[in-house]
Amino acid sequence: MGKRSIIPYGPQHPVLPEPIHIDLVIEDERVIEAIPSVGFIHRGLESLVDRRDIHQLTYVIERTCGICSFGHGMGYCETMEDIFGVEVPKRAKFLRTIWFELSRMHSHLLWLGLLADAFGYENLFYQCWRIREKVLDLIEMTTGGRVIFSVNKIGGVLKDISPEHLRLIDSSIDDIKAELEVIKKTFIEDSTVQSRLRGIGIITKEQAHALGCAGPVARASGIRCDMRKRGYEAYQFLDFEPIISDAGDCFARCYCRLMEVFQSIDLIHQAIGMIPDETDISIDVKGNPTGESFIRIEQPRGEAVFYVKASGKPHIDRFRLRTPTFANLPGLCEMLKGAELSDVGLMVVTIDPCISCTER
Amino acid sequence: MAEVICPENILEEIQLGELLPTVMEKKNAGMRLAQACAAFIDGKFELSYSFSDDKTYQLVTLRVVIDPSEEVPSITEIVPQAVFYENEMKELFGVKIQMITTDYKDKFYRIEEVAPFGPKKEDA
Amino acid sequence: MAKIKKSPWLLHYDGSSCNGCDIEVLACLTPIYDAERFGVMNTGDPMQADIFLITGGINTQNAEVVKQLYNQMPRPKVVVAVGVCACTGGVFKDCYNILGGADTVIPVDIYVPGCAARPQSIIDGIVQAVELFQKRSDEHDKEMKNKGREAS
């Protein structure tokens with residue numbers, strides 16, 4: 001038995017864009033145990049419920065995370081709509097779906113870039129981010145914001161997408177798809193990438209279930225679980241199958257996310273083809289509701305659980321957001337056990353950690 | 001058009017004593033702990049443990065309402081991944097949870113304020 | 001020293017930001033916006049950095065980290081606060097765990113507003129930081145020269 005030592009990893013680390021601290025108990029070069037400690041980004045966002053009214057909260061909650069911002073705003077609005085007992089206009093549902101899928105594309109492309117950077121493929125990183133900018137251009141064109149869209153409101157959306165812009169999105173995502181095919185080839189076939197990702201950080205289906213992994217991490221381990229199948233917003237009208245891989249290693253997680261970008265492109269095509277030609281994009285909601293609701297949506301990083309409890313006061317009693325990274329942390333700790341020290345950075349990246357979501 | 005599976009969420013109110021057996025039951029039924037959270041409402045803690053069935057997308061929430069002084073047994077022995085949720089409840093709300101497998105001892109988020117969501121000092 | 005003046009290195013640290021500004025800072029360093037054409041380079045090592053780019057507000061735990069990173073950087077140095085959270089605390093100002101903007105723990109030279117700050121304004125901030133860094137380096141050189149004269 002070698003000598004045990006503890007290596008602190010983070011909070012400021014070149015491979016991490018965000019601060020997380022992990023104490024790695026290592027023996028020679030092998031990790032025995034990983035103890036994460038969070039709190040570097042803890043703001044206490046949930047405590048703002050007693051200082052902001054229900055409509056202002058939409059914009060605060062959107063800023064839980066800058067990458068999956070649209071989903072957080074949408075999830076909160078859906079939860080409040082459930083409590084109010086209102087149904088948003090059909091066109092708003094489709095608009096939300098289009099924006100949500102665009103934000104999934106930008107999030108996954110961002111992650112693919114970070115992964116490429118983590119295994120030292122700088123060129124691929126730049127290519128992913130170059131394609132991501134095209135998605136951001138579409139988002140900026142339709143919402144005015146690049147990472148924080150602020151188009152959700154309780155009862156619908158604030159902006160409409162004009163038919164010209166819908167056509168432009170429809171054709172632009174095809175160009176993006178053509179460019180993605182090129183980087184897909186590199187991710188799937190390149191032998192250097194393969195040797196760096198295959199067989200590393202394996203989580204089996206049983207482990208993933210027992211540890212409560214969410215989103216692409218669970219799907220890469222063979223769990224067929226995609227909250228979009230719940231049929232919220234316009235997903236009830238769209239045809240898709242969750243993307244599953246059963247290897248459970250870093251490569252499988254990469255594959256799942258890469259294929260989900262293509263899936264998003266397909267979903268946007270479907271949504272644009274079916275979007276109803278209405279003028280109503282939102283309904284007015286007034287008053288202070290009473291009730292509680294749990295809503296789950298599929299964020300780019302996995303299942304997010306929104307919980308709101310309101311009791312007829314101007315301020316809601318409790319807002320709780322369980323973000324996907326929070327659910328994937330136990331999976332990460334399990335994955336790191338037995339890993340080589342040099343693979344730690346890569347593994348932390350493959351769960352797509354979003355620390356500001358986690359700590360709120 | 002795709003099939004839609006969206007069963008209504010279920011909320012089960014249970015007593016504190018029933019918590020561990022019910023959690024065990026849910027786990028044996030193949031359900032996954034989706035989230036656990038606390039809320040401090042009108043001088044009582046409301047603990048919610050949500051379990052999700054990944055095949056039917058059913059969400060079942062167990063609700064335990066307790067007094068702030070009551071002690072809650074940890075479910076981490078049954079569901080190990082609850083460790084972060086319970087540490088969060090303990091630190092942010094001051095819920096007295098006993099025997100967490102990895103107890104961060106209120107040093108999970110390392111905030112300076114004690115139990116910011118929990119009962120205020122003068123109430124306690 | 002003359003070369004460093006033209007090419008200061010950047011250190012980026014995420015305070016308690018929501019990621020929005022972080023990914024915009026990263027986007028600035030990728031070829032579309034390419035802040036590197038102004039001579040800066042991104043580094044992960046505080047000891048080699050000249051410009052400290054901080055995003056997000058300061059909370060009780062990262063206050064020490066930010067101070068330490070700032071102290072590890074060699075003089076002269078310039079601090080740029082990116083985004084409204086790093087400037088004042090932003091939407092999270094009222095949260096119990098937020099102390100305020102980056103200037104609550106370290107001196108900030110350049111404030112870049114925005115939520116999230118746009119790449120164009122971040123680049124503007126970086127360009128101003130490079131200018132300020134050159135000015136400070138000149139002053140630093142002069143001071144060092146005077147010290148040398150006094151010693152001899």
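Biologist: Is A:Asp352 buried or exposed?

Modeller: The model is a predicted one. A:Asp352 lies in the loop between helix 11 (344–350) and helix 12 of chain A, and its phi is near 55 degrees, a positive value in a residue other than glycine. Buried means under 20% relative accessible area. Because the relative accessible area of A:Asp352 is 2%, this residue counts as buried.

Biologist: Which class, buried or exposed, does A:Asp28 belong to?

Modeller: A:Asp28 is found in the loop between strand 2 (21–27) and strand 3 of chain A. Although not a glycine, A:Asp28 has a positive phi of about 55 degrees. Most residues other than glycine have a negative phi. With a relative accessible area of 56%, A:Asp28 is exposed.

Biologist: Where is A:Arg360 placed, and how far apart in space are the C-alpha atoms of A:Arg360 and A:Arg63?

Modeller: A:Arg360 is in the segment after helix 12 (355–359) of chain A. The residue is buried, its relative accessible area being 2%. In sequence, A:Arg360 and A:Arg63 are 297 residues apart, but from C-alpha to C-alpha the distance in space is 9.3 Å.

Biologist: How many residues of helix 3 of chain A are buried?

Modeller: Helix 3 spans residues 90–118 of chain A and reaches 42 Å from its first C-alpha to its last, close to the 42 Å expected at 1.5 Å a residue. A:Gly120, with a positive phi near 85 degrees, follows helix 3. Helix 3 is mostly covered, and the number of its 29 residues that are buried is 27.

Biologist: How much area do chain A and chain B bury between them?

Modeller: In this pairing, 44 residues of chain A are in contact with 40 residues of chain B. Carbon and sulfur atoms account for 57% of the area buried between the two chains, which is about 3,600 Å².

Biologist: How many salt bridges are counted between chain A and chain B, and which residue of chain B pairs with A:Lys309?

Modeller: The count between chain A and chain B is 4 salt bridges. In the salt bridge formed by A:Lys309, the closest N and O atoms are 3.3 Å apart, and the partner is B:Glu46.

Biologist: Which element supplies the largest share of the side of chain A that touches chain B?

Modeller: There are 14 residue pairs in polar contact between chain A and chain B. Several elements of chain A each supply at least two residues of the side that touches chain B, among them strand 6 (290–299), strand 7 (302–311) and helix 12. By class, this side has 19 nonpolar, 9 polar and 16 charged residues. The largest share, 5 residues, comes from helix 10.

Biologist: What is the omega of the peptide bond from C:Arg75 to C:Pro76, and what is that from C:Cys115 to C:Ala116?

Modeller: C:Pro76 is found in the loop between helix 3 (62–72) and strand 5 (78–82) of chain C, while C:Ala116 lies in the loop between strand 7 (110–112) and helix 5 (119–151) of chain C. Most peptide bonds are trans. The bond from C:Arg75 to C:Pro76 is cis, with omega near -10 degrees. The bond from C:Cys115 to C:Ala116 is cis, with omega near -10 degrees.

Terms used
Residues are numbered from 1 along each chain as its sequence is written. Chains are lettered from A and ligands numbered from 1 in the order in which they are written. This is a predicted model: local features need pLDDT of at least 70, side-chain atom pairs count only at pLDDT 80 or more; totals for chains, interfaces and linings use all residues. Side-chain values use heavy atoms; hydrogens and water are left out. Helices (H or I, at least four residues) and strands (E, at least two) are DSSP runs, numbered from the N terminus. The expected span of a helix is 1.5 Å times one less than its number of residues. Buried means under 20% relative accessible area, exposed over 50%, partly exposed in between (1.4 Å probe, protein chains only). Contact means heavy atoms within 4.5 Å. Buried area is the accessible area (1.4 Å probe) that two parts lose on being put together, summed over both. A salt bridge is a side-chain nitrogen of Lys or Arg within 4 Å of a carboxyl oxygen of Asp or Glu. A polar contact is a pair of N or O atoms within 3.5 Å; within protein, one must be able to donate a hydrogen and the other to accept it, and residues adjacent in sequence count only if both atoms are side-chain atoms. Ala, Val, Leu, Ile, Met, Phe, Trp, Tyr, Cys and Pro count as nonpolar, Asp, Glu, Lys and Arg as charged, and the others, Gly among them, as polar.
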